[in-house]
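Subject: Handover of a structure and its description

Dear colleague,

Please find below the structure that I am passing on to you. I would be grateful if you could read it alongside the notes that come after it.

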Amino acid sequence: MNRIIFILVLCLTTLVSWGQAKKPIIMIVPSDIFCVSHGYTTTVNANGKDEVMPDYKKAMQGSDELRMVITKMGAIMSERGFPLKDLEQTLKSIDTQSAEISMMTSKSSSAAIKETPIDVLKRTAKADIIMDIDFNVKRQGPNNYITFVLKGLDAYTNKQVAAATGTGKPSSAASADLLLEEAVLSHMDAFNGQLTTFFNDMFTNGREVTIALRVWDNAGVDFEQSFDYKGTNDQLSFHIENWFTENTVNGRFSTIDATGTMMKFEQVRIPMMFNLNGRDVAMDTRRYINNLSKFLSGPPFNLDNKIYQRGLGEAWLIIGEK
Amino acid sequence: MKKLLFGAIILLICSVYTPVIQGQNSMGASDDFSRIAIAPTIPDAMKNMPKGAQDMLLGKMRQIIGLNGMSALDNAPLFIMTPQLMVLSNDVTPTAPPIYTYNMEVVLNIADRYTGNVYATASQQVKGAGRTEQLAYNNAFNEINIMSTIN
């Protein structure tokens with residue numbers, strides 16, 4: 001009996017904690033191979049090279065099967081407590097937003113909304129977990145069958161956090177839609193199980209994020225410059241690494257790159273919550289890197305810096321000025 | 001006596017201003033003002049750029065010339081302002097929707113239409129982003145500061 005009560009209390013505590021923490025945004029996106037094989041692509045020229053890129057809007061408007069899969073998966077995920085962000089609706093919203101921004105003027109002086117190229121660059125569909133899906137309707141004699149690949153990718157660490165692949169049962173009578181629905185349904189629970197494991201690990205060991213440090217070209221300082229901090233004379237890069245050791249969950253992080261002008265940290269485990277005026281508040285990368293920003297702004301470093309957030313799980317700190 | 005003094009003053013004023021007025025040549029084809037009139041042009045090499053972006057750049061050049069009181073029609077006889085784009089990088093992000101980005105140096109040359117001699121240049125580095133190539137160019141050209149001095 002005691003054991004049952006203990007498990008119930010534990011479950012309840014986890015649910016309450018989850019309610020407070022910042023939940024990752026999940027979005028289903030058709031894979032590149034799906035878009036290319038079905039012709040939902042656009043060719044662009046970047047730096048003198050032609051590149052074929054997926055055209056998600058075309059895919060959403062052209063494939064009934066894709067819409068059906070996304071809707072079905074969205075319903076299942078919502079039932080399991082992971083509501084999805086809809087790609088099609090997000091793209092529409094971005095278009096509308098762009099039009100609204102260009103039309104907006106102030107009442108007294110007709111000022112337009114100030115927008116830097118970076119602001120424009122940021123106006124894209126964003127998700128923390130991308131569910132990358134690819135499926136094919138194949139034929140074997142008189143039978144149709146479905147093969148599909150579903151990958152759950154962490155957008156910031158690029159890690160595959162869940163996966164499901166499978167082949168549906170062949171049938172000569174059932175329509176492709178029905179076969180697809182059956183194939184997806186039979187694998188969704190296993191996929192969701194892996195996703196839950198990932199989230200639980202995040203809650204126990206901290207959210208895993210990526211942090212990069214760079215310098216402005218007029219900064220007059222780099223990561224190889226030496227500073228005397230608390231009696232230790234060392235290069236700035238080592239002082240920063242020491243800060244990460246002291247401020248990550250169990251001191252867990254990996255220095256992926258460190259040069260005179262940039263440092264990149266991956267698998268940085270940041271706490272899920274922090275205390276603000278006696279209240280537990282959810283932590284995100286921007287809040288976390290703000291502490292590093294304050295550390296570097298203070299003596300003996302006195303380095304002005306700019307925080308640039310790439311999303312819930314990645315932020316940059318650029319040293320030299322705001 | 002008063003009339004004599006007034007007449008002398010009028011005479012003095014006229015004698016001072018007449019040479020000044022005559023210094024400004026306004027004789028038809030040799031008119032100083034039209035001789036230094038500058039016409040903005042887009043070179044053939046840039047005609048593959050989106051039309052909207054060409055118009056935007058042309059408009060910016062017209063504003064610069066107009067601010068200095070040297071505007072001419074596009075088929076003006078001698079001096080032209082012609083742009084040169086040095087694209088430092090252009091990328092397309094693999095996002096939904098894809099975003100085009102341009103980082104480029106815009107060089108504006110004042111040149112002789114016939115000999116090609118360049119008399120003055122000014123440049124500015126601009127960056128732009130947008131959902132289409134044209135929007136990215138426009139976003140970048142919008143950064144051209146028409147009031148800035150030559151650098």
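This is a predicted model: local features need pLDDT of at least 70, side-chain atom pairs count only at pLDDT 80 or more; totals for chains, interfaces and linings use all residues.

Residues are numbered from 1 along each chain as its sequence is written, and chains are lettered from A and ligands numbered from 1 in the order in which they are written.

Chain B contains four helices and four strands; these are DSSP runs numbered from the N terminus, with helices being H or I of at least four residues and strands E of at least two. Read from the N terminus, the order of elements in chain B is α-α-β-α-β-β-β-α. Of the 151 residues in chain B, 23% are buried, a residue being buried if 20 or more other C-beta atoms, placed from the backbone, lie within 10 Å of its own.

As for strand pairing, two strands pair if DSSP finds at least two bridges between them. Strand 1 (residues 38-40) and strand 2 (residues 79-92) of chain B run parallel and are joined by three bridges. Within this pairing, B:A39 has B:I80 in strand 2 of chain B as its bridge partner. Strand 2 of chain B also pairs with strand 3 (residues 100-112) of chain B, in the antiparallel sense, over 13 bridges. Here B:Y102 in strand 3 of chain B stands opposite B:N90.

Chain A is assigned domain 1 (24-43 + 50-86 + 117-204) and domain 2 (206-319), with bounds from an automatic or database domain assignment. Taken over C-alpha atoms, the centres of these two domains of chain A are 35 Å apart. Eight residues from domain 1 of chain A and eleven residues from domain 2 of chain A take part in their contact; two residues are in contact if their C-beta atoms, placed from the backbone, lie within 7 Å.

Between the chains, 15 residues of chain A are in contact with 18 residues of chain B. On the side of chain A that touches chain B, two or more residues each come from strand 2 (41-46), strand 3 (49-54), helix 5 (87-103) and helix 6 (117-122) of chain A. Helix 5 of chain A gives the most to that side, with four residues.

With kind regards

How values were computed: A residue is buried if 20 or more other C-beta atoms lie within 10 Å of its own, exposed if 12 or fewer, and partly exposed in between; C-beta atoms are placed from the backbone.
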